[in-house]
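Visitor: I would like to learn how to read the aromatic rings in a model. Please show me the structure first.

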Amino acid sequence: MPGDNSEDSAAATPQNVYVGRQPIFDRKLNVYAYELLYRPQGQINNAGDKLDSEQATTTTIINTFMEIGLDRLVLNKLAAINLTEKFLLDESRIPFQPGSVILEILEDVEVTPKLVAAVTRLSESGYTIALDDYLYKPSHAPLLHLADIIKIDVQALSRDEIQKHVNVLKQYKVSLLAEKIETPKEFLFCSNLGFEYFQGYFLSRPQIISSESLPTNRLTIMNLLAVLHDPDSENEDLAEAINTDVTTSYKLLKMINSAAFNLPRKIESVQQGAMLLGRRKLSGWASMLALSQLDDRPTEILRTAMTRAKMCELLADAAGIKPADSFFTVGMFSALDLLMQRPLPKLLEPLPLSDEITSALLYHKGQLGEALSCVMAYEVADWANVQFSRLSTEDILIANIEAVTWSNMIIDTL
C-alpha cells in the first residue's frame with residue numbers, strides 16, 4: 001500500500017517551523033504589539049539566517065497564518081511585520097486584516113510615486129503604517145505624512161542625532177518607537193525625549209515560537225478546506241479555491257458528471273456545480289476529493305471517511321433532519337486525524353467550522369455528534385450504541401449498506 005512505502009512516509013514526516021516574536025511596550029511597559037520575525041527552520045537561537053527579504057517576509061507570513069496561527073502568536077495584541085516593496089505594491093498579498101497589524105516598511109524600500117500611492121491605499125484601508133530603522137531624508141516626506149509610527153534604531157545614532165530626529169519628526173503626526181534598547185539609561189533617555197513605544201533586549205529578547213509543520217500537500221489541502229468551509233466566502237471564492245487546485249477541480253467535475261450523480265445535463269464548470277448542487281454540498285464533495293489526494297495514506301482510510309460521511313448524511317435524511325450537509329461534513333472530518341496524521345483538535349483550530357460541528361467532532365455532542373457516535377459504533381460492532389434518533393435497527397443497517405456501496409462507487413471514479 002502507498003502508506004507502507006518508507007520513502008513516502010519520510011516525505012510526510014512533520015517538521016517544526018519557527019517564528020520569532022518580540023514585544024513592543026508602551027510608556028507604562030504594557031505590551032502594545034508583537035513584532036513577528038523570520039526564523040529559519042531548525043533555528044534554536046535568536047539570530048536569523050541571512051535570507052532575501054522577500055523570502056523572509058513570505059516565510060514569516062506562511063508560518064504565522066498557515067502553521068502556528070496569528071491568535072497564538074500575538075494573543076489579543078497587534079502584530080507587526082516587515083513588508084518588502086512587492087508586498088506593499090500588491091495589497092492582495094497581505095493576509096492580515098486592517099486593525100490587527102502594523103505594516104513595517106523596510107528602510108531599503110525606494111520611495112517612488114507608485115510606492116506612495118500603494119501605502120496611501122493601505123493607510124486609507126485602516127492599516128497602521130510604520131517606518132522601520134528610520135534615518136531622516138527629505139525624500140521620505142511623502143511617507144512621513146502617511147506613517148503612524150516611526151521606529152528609530154538607538155544603536156545606529158548618537159544621542160545628539162536621536163535628539164535631532166525627534167525635533168524634526170515632532171512636526172508630523174507620528175508616534176516614535178525606540179528600538180534596540182539595551183540598557184536602562186537608553187530607556188530613560190528615550191522616554192524623556194517623548195518616545196511612546198520601546199523595544200529591545202533590555203525589555204525583552206525575542207521568543208521563538210514553534211509548531212509542527214504539515215507536509216506541503218497536506219498544507220495545501222488544509223488551506224483549501226479553510227476556504228471551502230468559511231461561511232463568509234462567496235461562491236466566486238469557492239470556485240477560485242477549487243480551480244486553483246487543478247487535480248481537485250478535474251476530479252470534482254469528473255465525479256459530478258458520473259453515473260453516481262445521474263444529473264440531467266453535463267456540468268462544465270465549478271460555478272455550474274455550485275448552482276446546481278448548492279454551495280454546502282459542493283464544499284463537502286470538494287473537501288472529500290482534496291483529501292483523496294493524500295496518496296501516502298492507505299485507500300481504506302479514505303474509504304472510512306467517505307463511508308462515515310455518507311452514512312451520517314443518510315441517517316439525518318432517514319430521521320427527517322434538514323439540512324443533512326453538516327452531517328456529511330462531520331462524518332468526513334471525523335477521519336481527518338487519520339488522514340493528516342495529527343491530533344484532530346489541532347487540525348480543526350484553523351478551520352472556520354461552526355461550534356456545532358466542532359463540538360460534534362471533538363465531543364460527539366448534539367444531533368451531529370449522536371449520528372457520528374452511531375456510525376463509529378457500527379464500525380466496531382458496538383451494537384448497544386448503534387442508535388440514532390428514533391430510527392430502527394433496519395433503518396441504520398440500510399444506511400450503512402448504502403453508504404458502503406456509495407463510497408466504493410465513488411472511489412472507483414477517483
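**Reading the aromatic rings**

Guide: Phe187, Phe198 and Phe202 form one aromatic cluster. This is a predicted model, where local features need pLDDT of at least 70, side-chain atom pairs count only at pLDDT 80 or more, and totals for chains, interfaces and linings use all residues. Residues are numbered from 1 along each chain as its sequence is written, and side-chain values use heavy atoms, with hydrogens and water left out.

Visitor: What describes a pair of aromatic rings?

Guide: The distance of the centres and the angle of the planes. Rings of Phe, Tyr and Trp (its six-membered ring) pair if their centres lie within 6.5 Å; planes under 30 degrees apart count as stacked, over 60 as edge-to-face and the rest as tilted. The whole structure has six aromatic pairs. One of them, Tyr32 with Tyr197, is stacked, at 4.2 Å centre to centre and 20° between the planes. Tyr32 lies in strand β2 and Tyr197 in strand β8, 165 residues apart. Strands here are DSSP runs (E, at least two residues), and helices are H or I runs of at least four, numbered from the N terminus.

Visitor: Why is the pair of Phe327 and Phe388 edge-to-face?

Guide: Their planes stand at 75° and their centres are 6.3 Å apart, so the pair is edge-to-face. Phe327 belongs to helix α15, while Phe388 is in the loop between α19 and α20.

Visitor: Is Phe327 buried or exposed?

Guide: Buried means under 20% relative accessible area, exposed over 50%, partly exposed in between (1.4 Å probe, protein chains only). Phe327 is buried, at 4%. Phe388 is buried too, at 3%.
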